[in-house]
Amino acid sequence: MNNFFQTTIIVGLFASTIRIATPFLFASIGELVTERSGVLNLGIEGILQIGALVGFLITFRTGSHWLGVFGAGFSGIVLGIFMGWMVTTLKLNQTVSGLALNLLAGGIAFYWFRVVFADVGAENLPNLRIFQTARFPILSDIPYIGTIFFRQQWLTYLAFLSVPVVSYFLYRTRVGLQLRCTGENPRAVDMKGLSVAKHQYGALAFGGFMAGVGGSFLTLASSGMFIPEIQAGRGWIAIALVIFGNWIPWRILVVALFFGLIEAVQLTLQALNANVPHQLLLALPYLLTIIALCTAAGRSRSPLHLGLPYKRE
Amino acid sequence: MVTKKTWVILLLVLLFGMILTACAPQVEEPVVEEPVVEEVPEVEEPVAEELPTEVRFGVIFISPVEEPWNTAWMQAYNRVVEDPPLGLEVSMTYTENVAPPDAERVLREYAESGNYDILWAHSAFGEAVEVLAPQFPDIAWIYAGSGNEPIGDNAYFADVFIHEPAYLAGMIAGSLTETNKLGAVAAFPFPNVNGPVNAFYDGAKSVNPDIDMSVTYIESWFDPVSGREAATAQIATGVDIIYAERFGPFEAAQEAGILAFGHFLDQHSMAPDVVVASPMALWDANIRNIIQVWWDYTVNGVPYDAPMERIIFSFVEGGSQLSPYHGFADVIPQEVQDMVEETRQQILSGELEIPLRTEAFEQ
């Protein structure tokens with residue numbers, strides 16, 4: 001256990017924390033904006049997978065990573081708008097629509113993958129070189145700090161940048177106020193002569209974009225390969241992180257990093273052969289989410305109209 | 001207004017349902033070589049007058065074929081097709097990514113079509129096989145993997161273990177390591193997983209008593225992102241060779257400039273600069289065995305009588321092997337290669353027995 005405090009391990013631990021947190025951050029910040037508009041999008045898991053696939057396919061064909069990221073984001077927008085069509089225009093049940101979106105996305109992803117790469121096996125699984133990590137003059141060479149903060153993926157910086165940007169948007173702009181109001185009291189927005197549907201479509205498109213980009217991080221900045229179900233449940237965790245973060249951007253950043261840290265500690269403890277049951281550590285974030293939900297129930301800042309379709313009477 | 005809207009919604013639900021159903025069979029329908037249904041009547045009587053000229057496999061995979069477990073099977077199947085037993089023409093149709101609750105339905109469709117002589121399933125589908133096998137007594141059923149019970153009669157239970165080649169791989173790793181720290185990134189503490197991981201450690205320990213090894217279970221069969229982070233965490237603790245039981249560690253190894261071993265099939269092509277060698281599972285013997293069983297039943301009238309234990313072909317019987325070294329033939333010192341070859345011969349001659357330890361890894 002003494003080894004645990006060696007500097008290389010600690011540095012690796014924190015660098016890993018930030019990497020693990022990145023896809024969650026993308027998806028959670030996007031989902032935050034969506035939920036603030038009063039729509040619960042449970043389809044994040046599916047959008048992550050489509051984003052991972054589209055990003056991979058475009059980059060595999062063109063060789064351009066950024067094109068892949070934008071393609072992934074675009075596919076997320078398409079799915080987000082599809083979700084909007086179901087829940088805003090048709091006013092279908094949001095939970096059911098979200099689950100349907102997941103099933104649809106999972107089916108499409110596997111089918112599409114098999115159409116493009118028919119009859120491949122593990123021995124010739126298509127893979128690509130992932131993004132180069134960022135290098136900053138001087139900063140990247142600072143011992144420890146440089147490795148942790150200044151040698152990450154460019155997408156990671158984008159994810160972290162999205163937190164102040166979204167925070168500014170929600171709390172300091174007129175559209176942000178209208179969006180939050182749509183989630184709290186859509187009738188007021190409607191009475192003002194503003195369109196509830198437009199705000200919700202916009203929020204879903206943004207949430208889809210972020211989840212799509214988050215999905216592309218998995219294939220383009222982490223693993224370099226696509227396999228069906230590569231998102232491995234990350235979309236559900238992202239939704240939990242929004243709740244755990246009490247619908248506040250900064251808090252979501254903190255809980256995403258906290259989740260990444262627990263995951264990284266879990267992996268490091270296993271790597272050190274520590275005598276701690278790793279199953280317990282794996283379960284810890286979920287346990288904490290449940291505890292947070294129970295204790296913070298009274299102080300929850302959940303949008304009042306979350307999950308309810310708005311109908312004019 | 002209300003009725004119109006109801007109709008629109010109904011129509012959309014219908015449309016959506018149609019899209020879904022239109023998609024579903026594409027995924028689930030066999031994708032490889034549509035079976036040509038010939039108008040030859042099925043051989044019903046145990047003793048046939050004319051000898052069958054072909055044997056038709058229906059295969060149901062629990063995961064996509066990219067899973068090394070499935071790919072290894074496909075490779076073995078292709079070798080059997082190249083060199084068919086009894087002069088038979090071997091054909092196959094498969095369905096991948098079948099969730100266990102769907103297994104009985106998919107297997108029943110295969111069985112009822114009458115187009116298949118042998119149905120190959122995963123051990124997780126054992127319950128479905130148990131229900132269906134008595135209803136289709138002419139089909140030879142086989143389900144493979146750990147974690148189920150033997151059924152008997154026409155339901156054969158097979159498995160594969162690669163601990164012997166993993167032991168040889170461990171000997172190479174134990175000789176090549178500079179930090180004396182090895183790592184393994186594995187799925188779950190599961191018999192098929194633990195067998196090779198423990199043997200890898202035993203092999204390394206046999207040539208290098210100072211070896212330290214850590215095993216990380218990522219608790220997922222398919223999560224290369226976590227696999228990579230797990231490997232990165234091991235590398236930070238000084239690990240310089242990783243046994244990659246799952247996908248993910250190769251990318252971490254490439255980034256850190258360390259070495260890795262593949263698992264279950266020759267994974268050299270996935271990362272030629274880091275994969276030293278891979279213990280390989282060879283399903284060939286099991287495939288040939290079930291063809292023989294089916295032949296004996298169909299031609300000679302020998303009743304199906306599956307053993308009440310798993311059918312496992314050992315290293316000696318050709319159930320597994322260590323892959324070629326490819327580019328690493330020049331990197332691995334000749335004396336290490338000689339030593340591995342000598343050990344291989346000792347295992348083959350029965351002089352040395354590699355214990356199969358399927359409990360979770362413990363240093």
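**Entry 1: chain A as a whole**

I read the elements of chain A from the N terminus on and found the run α-α-α-α-α-α-α-α-α-α-α-α. The model I am reading is predicted. My tally for chain A is 12 helices and 0 strands. I then looked up the radius of gyration of chain A, which is 20 Å; this is close to the 20 Å that the globule rule gives for 313 residues, so chain A is as compact as a globular protein of that length. Along its principal axes, the C-alpha trace of chain A spans about 65 × 50 × 40 Å.

**Entry 2: a helix pair in chain A**

I recalled that two packed helices are described by the angle between their axes and the distance between the axes. At what angle do helix 1 and helix 9 of chain A pack? I noted about 170 degrees for helix 1 (residues 7–36) and helix 9 (residues 196–223) of chain A, with their axes 8 Å apart. Angles over 145 degrees count as roughly antiparallel, and helix 1 and helix 9 of chain A are therefore roughly antiparallel to each other.

I next listed residues at this contact. Helix 1 of chain A contributes residues including Phe26(A), Ile29(A), Gly30(A) and Val33(A). Among those they meet in helix 9 of chain A are Phe206(A), Met210(A), Val213(A) and Phe217(A). I sorted the residues of the contact into 14 nonpolar, 5 polar and 2 charged.

**Entry 3: the domains of chain B**

I turned to chain B, which is divided into domain 1 (52–160 + 283–312) and domain 2 (163–280 + 333–349). The centres of these two domains of chain B, taken over C-alpha atoms, are separated by 31 Å. Domain 1 and domain 2 of chain B each give 8 residues to the contact between them. On the side of domain 1 of chain B that touches domain 2, I found 3 nonpolar, 5 polar and no charged residues.

In chain B I traced an open sheet of 6 strands in the order 2-1-3-4-5-11, with parallel pairing. Its edge strands are strand 2 (89–95) and strand 11 (311–312) of chain B, and each pairs on one side only. Helix 3 (residues 100–113) of chain B packs on this sheet and touches strand 1 (54–60), strand 2 and strand 3 (118–122) of chain B. The direction of helix 3 makes about 170 degrees with that of strand 3 of chain B.

I also examined strand 4 (residues 140–144) and strand 5 (residues 155–159) of chain B, which pair in the parallel sense over 4 bridges. Here Ala144(B) stands opposite Ala158(B) in strand 5 of chain B.

**Entry 4: the sheet of four strands**

I found another open sheet in chain B, with 4 strands in the order 7-6-8-9 and parallel pairing. Strand 7 and strand 9 (259–261) of chain B each have a single partner strand, so one side of each is left without a neighbour in the sheet. The twist averages 20 degrees from one strand to the next. Strand 6 (residues 181–186) and strand 7 of chain B pair in the parallel sense over 6 bridges. I noted Val215(B), in strand 7 of chain B, as the bridge partner of Ala184(B).

**Entry 5: where the chains meet**

How many residues of chain B are in contact with chain A? I recorded 44 residues of chain B in contact with 40 residues of chain A. Elements giving two or more residues to this side of chain B include helix 1 (2–28), strand 7 (212–217) and helix 7 (224–236) of chain B. Helix 7 of chain B gives the most, with 9 residues. The side of chain B that touches chain A divides into 22 nonpolar, 14 polar and 8 charged residues.

Definitions and conventions: Residues are numbered from 1 along each chain as its sequence is written. Chains are lettered from A and ligands numbered from 1 in the order in which they are written. This is a predicted model: local features need pLDDT of at least 70, side-chain atom pairs count only at pLDDT 80 or more; totals for chains, interfaces and linings use all residues. Domain bounds come from an automatic or database domain assignment. Two residues are in contact if their C-beta atoms, placed from the backbone, lie within 7 Å. Ala, Val, Leu, Ile, Met, Phe, Trp, Tyr, Cys and Pro count as nonpolar, Asp, Glu, Lys and Arg as charged, and the others, Gly among them, as polar. Two strands pair if DSSP finds at least two bridges between them. Axes are lines fitted to C-alpha atoms, for helices over the stretch in contact, and angles run from 0 to 180 degrees between N-to-C directions. Angles under 35 degrees count as roughly parallel, over 145 as roughly antiparallel, 65 to 115 as roughly perpendicular and the rest as oblique. The radius of gyration is taken over C-alpha atoms; the globule rule is 2.2 Å times the number of residues to the power 0.38.
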